Amino acid sequence: MARVWIGVLAAMSAIQARAQDADILWYSRPASTWTEALPIGNGRLGAMVFGGVDAERIQLNEETIWAGPPVPRHPEGLEAALADARGAFARGDNAEGQRIIAERFMAPRISPRSYQTLGDLNLRFHHERGAPPVPIELTGWKRGPNLPRPDLAQLDPAFDARWPEIADAGGIVLPERTTATFRVEFDLTEAQARDYDELRLGPIDDDSIIVLNGVEVGQTHDWSKPSRHSIAAGVRPGRNVLCIAASNVGGPGNFTRETLLASSGVPRVYARHLNLERALSVVEYKLGGVGYRREMFASHPDGVIVMRLTASRPGSIDFDAWLSRPEGALGYSSSAERLVLGGRASHGTDHMGVRFNAVLDVLPEGGSMATRDRTIEVRGADSALLLIAAASDYNAEDPTTPLTRDRVRACAAQLESARAKGFDGLLGDHLDDYGPIFERCRLDLGGGPISLPTDERLRRVREGATDPGLEALLFEYGRYLLISSSRPGDLPANLQGLWSEHIEAPWNADYHLNINLQMNYWPAEATNLSDCAGPLFDYMEAMLPSGRDLARQMGCRGVTMGHEADVWLWTGLTGQPVWGMWPHAAGWMSRHFYEHWRFTNDEAFLRERAFPFLRECALFYLDWLTPDESGRLVSGPSTSPENTYVLGGKRLSLSMGGSMDQQIIADVFDMVIEAGEAIGSEDAALEDVRAARARLAPGIVVGDDGRLREWAQPYQEAEPGHRHMSHLYALHPGDDITRSSPEAFQAARRSIEARLAQGGGHTGWSRAWLINFFARLGDGDQAHENIRLLLAKSTLPNLFDDHPPFQIDGNFGATAGIAEMLLQSHADRLEFLPALPAAWPRGNIKGLVARAGIVVDLSWDEGRLTSASLRPSSDQSISIRLPESAQGALFSSDRHAEQQWFEDRLELRLHMGQEYLLTFTRWPAATP
């Protein structure tokens, strides 16, 4: 994209010119909260860029900054406790069996022991600007009648509001469960309309909608906090009408006691953006006739974070820089141009974790530089280059034995190497490294008001609009986040990916393995990022020793893992049975090993890594399973994460033979048998697996209500709209439920519909799972509706997924779901556009990957497949299931592929190294 100087070209036209790139998130104001800031990362180092004008905060992360042990440990006698609990379940006393597990089996959950922020880079700029105008208090408010809900007509500036002015404090009181509209009119000069761009309100009980001159400029939802709102989109010279519909949900209620017009200090000419194609964050604005620009990226080849400050007028760069952390670290200057931050992750005096250092180099061109009180001061520079490196003593090979290297020296060596390259060299190497990875797969859905800021587009979706361009951006963003948080040799992406501002993060930002970590890696294979899955495989193999130890304690061979883990490589079944008594994390993860082989055709990986991991999971299940009263093998007791049922008036979570257990175990058995056959293994354990598979109780059972059972028995659901839909594992990510099993296929749909009817899908990751479910069901319109709802209800201003709070799994799940809508290959055939929604009538996708290692490009128009390109990684025969729009069409290929045409599919013979372009033309058409 051409470089456009915002300080030279005319105001907003320059900003909008940048926004025409569909792969950009952009905003017209700085971030006021962390979830508005924009992420950059190189897999190991990350940052959140706020884009402030007078003060900038760059929140920093390094993937190994974790508080430390102790970690959970199980009590003695697990095997005996398990036998006693199973005896109780066999007698029909589920409550007693669950009590035994809770009291004698579970390891205590030890928390907090969190992933933590590295700290902040703080910048204070000294711009030439006058004092901000004094805020104006708005008075003369009028109040409308009490209503049961907001009346939108009253928010129209033309509404004839013949209401009396509020005479005293009693006029702002809101009765319980009522809404009242408050209106005030005020006049502004042209200069005031330019300067006053922010509305500051005191707390409002409980919610409000704020409209200025017919433009919604904000809402409030926290009765205890004041709020600030940008009014730049609505304010104008002359007469202005401000309307606020305030609602009291319950209890005492009041309208705001203070309303101020103020200046935010944000220049009129301002933009910040994140270019996904270049992994580059840019902030630019104009003040006093000077254009300022900040460019920032995280370099993977050089292992540093890079920032360059430039201005359109020489000598205009004036700033102070310092490093800080909320707790657990101290900063100092080691030279006139270098600052060091050092500390240790912990929770006060508990859970002493890794020791770490961050080092900042500031390299101005021109001007002067001085260091005072751990702050670097730069004055009158033409430009400045800032470089950040970080290191810890975390030892991935043996976390109990910290590394003994000189961390500051290690950082200094990286910085010296980076300094030698200069900004242009660093940026060039960054683009050469990142660009080819991102470019492997690209989606174009057309449409969408890309000239609007991203948060404005998101607001329009919340109001009911459809924005295919924003949906494509969400797809690309998920791939960007995975590249930025999971590179080969690094740790896998955690619950917040790489980015967390907390000392005590929600759920410790740990590795949750009962869907969340798995969902993080759903898009890796299909969207051409197989190498980014490497950290997941490395981590799971590093967990094997502790997983084997837990299996032994339970009287089993092989390996087992619970629902949570972290960088200290422990595994256990922790906390309450409702979430913790679930020994299937390794079993679920084994599908990722298996799928990597299926997508890449990497036989060395299958032989050396996938089959051994699968085999250990299978060995555990051979010993874990127990016969029920009919002699069939069942799993348990365990939970169907994290759901409950009602039995005998009690709310319980554990059972025997739960559907998800049985589905995962069947999956592991099938995968290890197929993998063993593929490598020609003569392992005697495979015969035991085949025998156990024949005796395994089914996990796919259709109940009398036409839905899939979640438990082996038709228990009453305690939460019919529960966020987890674990009993649908066999639909996705498993592949046992397909069109070839129509009864189960329809039962899966009924199960999803029943969940949604009771409020299911109310968390971000759960909504993302629904996209994948409906894609597998071939229902593109429902899949798309869940994309829209994910954006409308569970997406933060910077497009991070909102659980709430922020969890990155929903981002990755959405990207995987969109890929699943356009290409599927799980049912031993390729399916082109299997779930194309009406909302995407035209588009193209380049670089999706199908199983068997086939790279696929697809184009469609008017909802009809027009072309497909296939690039196989091996010689093979494939079956292609065509969408209805392509059935009966004329088919041509630019190569003489061996082919057979059937009513609804093509059979092709492909050869490695060749590219096959298939085109489809609707009747009538000339025939050869």
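**View 1. Glutamate 862 is exposed, with a relative accessible area of 58%.** This view, like the others, comes from a predicted model. Glutamate 862 sits in the loop between strand 39 (854–861) and strand 40 (864–872). Its phi is near 55°. That value is positive, and glutamate 862 is a residue other than glycine. Most residues other than glycine have a negative phi.

**View 2. Arginine 177 has a positive phi of about 60°, although it is not a glycine.** Look for arginine 177 in the loop between strand 7 (142–143) and strand 8 (178–188). Is arginine 177 buried or exposed? Arginine 177 is exposed, and its relative accessible area is 59%.

**View 3. A cis peptide bond joins glycine 636 to proline 637.** Omega here is about 0°. Proline 637 belongs to the loop between strand 30 (633–634) and strand 31 (638–639). Most peptide bonds are trans.

**View 4. The peptide bond from histidine 732 to proline 733 is cis.** Omega is near 10° for this bond. Where is proline 733 found? Proline 733 lies in the loop between strand 35 (716–717) and helix 17 (742–757).

**View 5. Helix 18 and helix 19 pack at an angle of about 165°.** Helix 18 covers residues 764–776, and helix 19 covers residues 780–793. Their axes are 8 Å apart. Angles over 145 degrees count as roughly antiparallel, so helix 18 is roughly antiparallel to helix 19. The crossing of the two helices is left-handed. Which residues of helix 18 make the contact? They are Gly764, Arg767, Ala768, Leu770, Ile771, Phe774 and Ala775. Helix 19 contributes Gln782, Ala783, Asn786, Ile787, Leu789 and Leu790. By type, the contact residues of helix 18 and helix 19 divide into nine nonpolar, three polar and one charged.

**View 6. Arginine 460 forms a salt bridge with glutamate 456.** Their closest N and O atoms are 3.4 Å apart. Both residues lie in helix 6 (residues 454–462). They are four residues apart, about one turn of the helix. Arginine 460 is partly exposed, at a relative accessible area of 38%. Side chains of opposite charge can pair when their charged atoms come close.

**View 7. Arginine 459 and glutamate 463 meet through their side chains in a salt bridge.** The N to O distance is 2.3 Å. Arginine 459 counts as partly exposed, with 23% relative accessibility.

**View 8. A salt bridge between arginine 615 and aspartate 683 links distant parts of the chain.** The closest N and O atoms of this pair are 2.3 Å apart. Arginine 615 is in helix 14 (residues 603–624). Aspartate 683 is in the loop between helix 15 (659–679) and helix 16 (685–695). The two residues are 68 residues apart. Arginine 615 is partly exposed, with a relative accessible area of 29%.

View 9. The structure holds 72 salt bridges.

**View 10. Serine 368 sits in strand 23 (residues 368–372).** Serine 368 is partly exposed, at 41% relative accessible area. What touches serine 368, apart from its neighbours within four places in sequence? Its contacts are Glu377, Val378 and Arg379. Serine 368 and arginine 379 are 11 residues apart in sequence. In space they are 5.3 Å apart, C-alpha to C-alpha.

Technical notes. Residues numbered from 1 in each chain as written. Predicted model: local features only at pLDDT ≥ 70, side-chain atom pairs only at ≥ 80, totals over all residues. Heavy atoms only, no water. Axes fitted to C-alpha atoms, helices over the stretch in contact; angles between N-to-C directions. Parallel < 35°, antiparallel > 145°, perpendicular 65-115°, else oblique. Left-handed = near helix turned anticlockwise from the far one by under 90°. Contact = heavy atoms within 4.5 Å. Nonpolar A, V, L, I, M, F, W, Y, C, P; charged D, E, K, R; others polar. Salt bridge = Lys/Arg side-chain N within 4 Å of Asp/Glu carboxyl O. Buried < 20%, exposed > 50% of the residue type's maximum accessible area, 1.4 Å probe, protein only.
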